[in-house]
Amino acid sequence: MSRHSVGPVMASVVIVALWICWPLHAAGDADASVSGLLEAGRYQDASEAAQTKLGAAIAQPEQGRLWYLLGEADSAVGSYQTALDAYLKAAAIDSEWRLVAQVAAARLQRRLGDADGAAGRYESVLADYRSATGRLSAPELIAVGDAALALAPSDASLYATALDIYEEAVQAAPEDPAPRVALGELLLDRYNNTEALEAYREALEIEPDYPPALLGLARSQHFDHSRSAIDAARQALEVAPHSVAARVLAARLLLELEKYSQAQQEVAAALRINPRSPEALTIAAALHYLRGAGDRSAALVERIDEIAPGEHEAYVTLAEIAAQNRRYRDAVMYAVRALGRQPAAWRAHALLGMNRMRLGAVDQGRRSLEVAFRGDPFDVRTKNTLDLLDRMEAYETAESERFVLVADRREMSILAPMLLPIAERAYDTLAARYRYQPATPIRIEVYSRHEDFSVRTVGLVGLDLLGVSFGPVVVLDSPSARPPGAFNLGSVLWHELAHTFHLDMTRSRVPRWFTEGLAVHEEHRAQPGWGADVSLGFLTAFQQGRLPAASALNDAFIRPSFPEQMLYGYTQGALLMDWIEQRYGFEAIARLLSGYRWGQTTEQLLPSVLGLSAERLNQTFDDYVRSRYAPILSALASEEGSVAVQPGHYAQLLIEGRDAVESGDMPLAEARLREAQDLFPEHTGPDSSYRLLATLYTRQQAFDRAIEQLEQAVAIDADDLDAHLDLAALYEQTGQADLARAMLERALLIQPFDRALYETLAELRSAVGDWRGAAQAWGAVGDLDPADPLGTRYRHAEALFRAGSTVDARRQVLATLEQAPLYPEALELLLQIRDRMDVEVSTEPPPSGDPGTGATRPDSVPGETQ
């Protein structure tokens, strides 16, 4: 039994095959010079040296090895047919490299379009392994594992077989790093990155500069979204600058960071080594695609098809890159093209399903995922998503003019009346501002389990976000999925709908940093306190130089260098949008969005729209932040590379103010806290000057001053539940019922499932005659497991009756009387309902053609107690 788990993942071929000759640690004297030339990247010289040696009289085993090395040299420069011929000759010679050559030949047969021949050869290798009487070497076992892995898409049990064989290779050559790299690749592609990383590190302990292990380490770090991935890829290139695989990975990492010029340099270097590398050409096509040069991209894809008619991986890679860049329709298109070349490409089926769902075609997406799962039942993303769809049978929908809300049926009655009006208001506001209207209906999905939200977004658990916009579909955490009071649901919804506008109006070409900053900027405009706040941590990181430059802000979102950097990226992006709109007007933002729509890059747009180079933007924005936050930044003093708040400045002021409040020294407390507030007025939360001063003034019964402090606090931070509740209580205590009601309504966006909040709100609405609002609040109480279900239902019925909803009131009061037939207030209310219904019936005009003068109401209404 294997000690590793291949556990759910997608199928992929290990990268060891892309590395030339490093697994051949056992090369003999006859081919030592050829191996050396291969390791040095001198492929033409290696090819000539191998041919020269083959022309001499040498023993067959050495011929087999030389033919194999000749195939490696020719394959490295894209001479695939001549390489195949060499591999086939090596495979025909009885030597220890026969199985290795067989697998290399099969790999090229598949690339060149002979899928049946490749499959037959892989099966032959497995048959030889099963019938072998002697012990195979580590290179032979790696080849057999590769054969099993290549056949696994047609027989999923072979994933486990490949795993066992790679582990056998590790045991056969414990001092050889190659088997561990092969094992790591399989584990990584099966999403078992923890054990994959362990395998790569074990390989590097054996040989610290082993290029395939360095590349595997980079891929593992890429899997974890670590900034270290590009460093590991560059380390591999330092050891093996001729490695096409390392340059391709480095190019893709740079592409994801939107550093397109640097990515292009790596691709160009790879193509100088192998002008016919499908992997390098794919990244080149992706770069043209992302830069808006569709014709050039399509031409390169055609070239890939000519070079590798038997492969579909280019389309899978392009689908992945399109999805990573939020171009979900293009991801669907590329996945369909991959399936046109290989109907059993299960990863393509999975990509098709996931991206159809992101576009709102949930039923179509599910069908594609079911096909993918039948072909590869170990793909965890597919399985997780299908399991989620099963759980969503407990969800229901509600609709407004332009939105469809999907939520847990237990939460729908609370969420629908809250979210749909906000969504409609956001659409109207943003449509007027941008002079653009995305297609409707827009689907909003709200998940009561954070794990479900994460799976809906990326197929895996562990995504630390609150909301995601795919454009036509917005996905949110429900507040019930997080600790109480964790976030403001209205703010998050507005943020994601802003993304929907930005994605649609730019054809999904807007950079991540730009749309994130602009979405927070729109939150700030929509409601005081919405959106990311400038924090002391953010300013400290700014002062320390830990934040990326404005022109490189995408780094914070794609490869953050410390845990808080992505959070700070939202704040930094919003400040940048604030600055652009203040200095250049909203028209500049609109022009930038238009430029992105037509394929222009940030590098191109900065001079044409803002009149700035990237360097000038960085300096000007840096000056803006330093000027805007000069008081608090002046309180941060550098000491040996760190930033510390000095005694007598901000942190010390808060400490002294808090201690003075606790000790009752009110004059000192007020002085210290007022000074802190002047220094950094954006700081909110339980330890802020606002909350401490509110406590101080409340103790002094200076309620107006306490209210003033809390009003400022919630105007800055709409996520602060306690501040909202304290402020509502003070409003009610001072007789300001309307303001108390409004503050509780704001608090419900932070904690919409708090029964006590709804009870208080229902009473306040009833007190001012807002019976429709009171009915909605009592209905919510009834849905939240009330302590007095009958009393709650009666109060709901009463509010409905007073709001004029007679039929609904009757339904609620009858339900009350079914459980308590002698409930006196309910009986009295039922009589009032009957009297109103009598009046309504008697005043109705007779039906058309009815000769009678009026309808006669029966003595009783069916179901009523007589």
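**Close-up views of a predicted protein model**

Figure 1. Histidine 288 has a relative accessibility of 18% and so counts as buried (buried means under 20% relative accessible area, exposed over 50%, partly exposed in between, with a 1.4 Å probe and protein chains only). This is a predicted model, in which local features need pLDDT of at least 70 and side-chain atom pairs count only at pLDDT 80 or more, while totals for chains, interfaces and linings use all residues. Residues are numbered from 1 along each chain as its sequence is written, and side-chain values use heavy atoms, leaving out hydrogens and water. You will find histidine 288 in helix α15, which covers residues 278-290 (helices are DSSP runs of H or I with at least four residues, strands are runs of E with at least two, and both are numbered from the N terminus). Leaving aside residues up to four places away in sequence, histidine 288 touches Ala293, Gly294, Arg296, Ser297 and Leu300 (a contact means heavy atoms within 4.5 Å). Leucine 183, 105 residues from histidine 288 along the chain, has its C-alpha atom 34 Å from that of the histidine.

**Figure 2. Alanine 298 sits in helix α16.** Helix α16, made of residues 294-307, holds alanine 298. With a relative accessible area of 38%, alanine 298 is partly exposed. Now look across to methionine 666: 368 residues separate it from alanine 298 along the chain, and the two C-alpha atoms are 73 Å apart.

**Figure 3. Helices α25 and α28 cross each other.** Take helix α25 (residues 512-526) and helix α28 (residues 565-584): their axes come within 7 Å and cross at roughly 75°. That angle makes α25 roughly perpendicular to α28 (under 35 degrees counts as roughly parallel, over 145 as roughly antiparallel, 65 to 115 as roughly perpendicular and the rest as oblique). Each axis is a line fitted to C-alpha atoms, for helices over the stretch in contact, and angles run from 0 to 180 degrees between N-to-C directions. On the α25 side, the residues in the meeting include Arg512, Trp513, Phe514 and His524. Among their counterparts in α28 are Met566, Tyr570, Gly573 and Glu581.

Figure 4. At 47% relative accessibility, proline 528 counts as partly exposed. Its contacts are Val714, Ala715, Ala718 and Arg746, not counting residues up to four places away in sequence. Between the C-alpha atoms of proline 528 and leucine 668 there are 31 Å in space, and the two are 140 residues apart in sequence.

Figure 5. The bond joins threonine 440 to proline 441, with omega at about 5°. Look for proline 441 in the loop between α22 (412-434) and β3 (442-447).

**Figure 6. Proline 483 is an exposed loop residue.** The loop between β5 (473-477) and α24 (489-505) contains proline 483. Its relative accessible area is 57%, so proline 483 is exposed. Alanine 706 lies 223 residues from proline 483 along the chain, and their C-alpha atoms are separated by 28 Å.

**Figure 7. Tyrosine 191 and aspartate 785 each have a positive phi.** Tyrosine 191 is not a glycine, yet its phi is positive, at about 65°. This tyrosine sits in the loop between α9 (177-189) and α10 (193-206). Aspartate 785 is not a glycine either, and its phi is about 55°. Its place is the loop between α40 (771-783) and α41 (789-802). Which of these two is buried and which is exposed? Tyrosine 191, at 13% relative accessible area, is buried, whereas aspartate 785, at 63%, is exposed.

Figure 8. The secondary structure comes to 43 helices and seven strands. Along its principal axes, the C-alpha trace spans about 115 × 80 × 50 Å. Of the 866 residues, 56% count as buried. Among contacts with a separation of 6 or more, residues 24 or more positions apart account for 61%.
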